[in-house]
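Hi there,

I'm handing over the structure we talked about. Have a look, and then read on for what turned up in it.

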Amino acid sequence: MDMTQWTKKDYMGAKSTLCTGCGHDSVTSQLINALFKSQIDPFNVVKLSGIGCSSKTPNYFISKAQGFNSIHGRMAPLATGVHLAHKDLRIIGISGDGDTASIGLGSFIHMVRRNIPMVYIVENNGVYGLTKGQLSATADEGTLAKSGEKSFLQTIDLCALAIESGAHFVARSFSGDSKQLSALLSLAFRQSGMAFIDVISPCITFANNEGSTRSYDYMKTQNEQLQELGFIQPKEEIKVDYPEGEVQEITLHDGSIVWLKKNSHKDHDFSSRESALALLNEARGSKHHLTGLFYWDDKAPKSVTSNMTEIPLAQLGDEIRPPKSALDEILNEFA
Ligand SMILES: Cc1ncc(C[n+]2csc(CCOP(=O)(O)OP(=O)(O)O)c2C)c(N)n1
Ligand code: SF4
Ligand SMILES: [Mg+2]
């Protein structure tokens, strides 16, 4: 395929109907950028979601792709089914914190265990935006909802849970950090297994109040980046001025380059599950939102379909039917 076959327009979708300033729209913009830069075949994409403002967003990118807006919390089993039926399709799933961390939690964990190849994005605002801002299970302890309700329960950290459940690529970003988010998305599109990105995405209408730990103001002061992250596509000219020392440069199989400059957590080894979990555990107690690439094992195990036929199940024809001679043989046994 010609590397510049697709234009940015090929990745556009319908006009967003979300509230102006919603973080989810920024995620969509970076998704379109990363898809375009990665020259993903739009006709080979399947967009999946559950229910929520976040789950509406697949409608706002790649109109040319196929899509299925499912029921609340059921994106994970849907993705598993899509992959089983047609393992050659590229799955992009968009979910919300309510969708994934509450009603869909059980199926999410099992989908991660099965390593269903897809890019799984949670647009995490700590509230149920669509149903008027109730606190979700990812709301930080002590955060204040617009209604005045204070969260007193421990938060569910979806990144830690994904690592614990066996994910091989786990990162967190902020919808307002276009550089970090687009680099992480571009990297996620190169993973052969499941790539999980939790994006803190403020709800301007129900979680942008004083006392909320997911408001734009809060994120501006409390976003702590694990590493500075850059991504260079195979045919791009490399003109990044690498700072001296502390830079990890990784060349991927297709020639693209990822560079990571360690920031505050100099000892973090992103290839170590233990190190990633310890880091997330430590961050949970602090007031900061730690963003970056937490865990990446590029030798990901195979997915559930690895031992299946090369031809996608949906395209199997006569191969799955026993030939007439085999049926005759069985019938003759009863003759
Ligand atoms: C089975 C079921 N239970 C409850 C609802 C109501 N409901 C719709 S969206 C939603 C939560 C959405 O929150 P989230 O997934 O975080 O998305 P956001 O709107 O915040 O982006 C709920 C509880 C539903 N649609 N279906
Ligand atoms: S209610 Fe919140 S999450 Fe939903 S579209 Fe508006 S700002 Fe976004
Ligand atoms: Mg939400």
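Which residue in β3 is the bridge partner of V45? That partner is R90.

Before the rest, some ground rules: this is a predicted model, in which local features need pLDDT of at least 70, side-chain atom pairs count only at pLDDT 80 or more, and totals for chains, interfaces and linings use all residues. Residues are numbered from 1 along each chain as its sequence is written, and chains are lettered from A and ligands numbered from 1 in the order in which they are written.

Strand β1 (residues 45-49) runs parallel to β3, joined by 5 bridges; strands pair if DSSP finds at least two bridges between them. Strand β4 (residues 118-124) is also parallel to β3, with 6 bridges, and there G93 stands opposite Y120.

Now the helices. α1 (residues 23-38) and α7 (residues 178-188) pack at about 45 degrees, their axes 9 Å apart; axes are lines fitted to C-alpha atoms over the stretch in contact, and angles run from 0 to 180 degrees between N-to-C directions.

Happy exploring!

Methods
Helix = DSSP H or I, 4+ residues; strand = E, 2+ residues; numbered from the N terminus.
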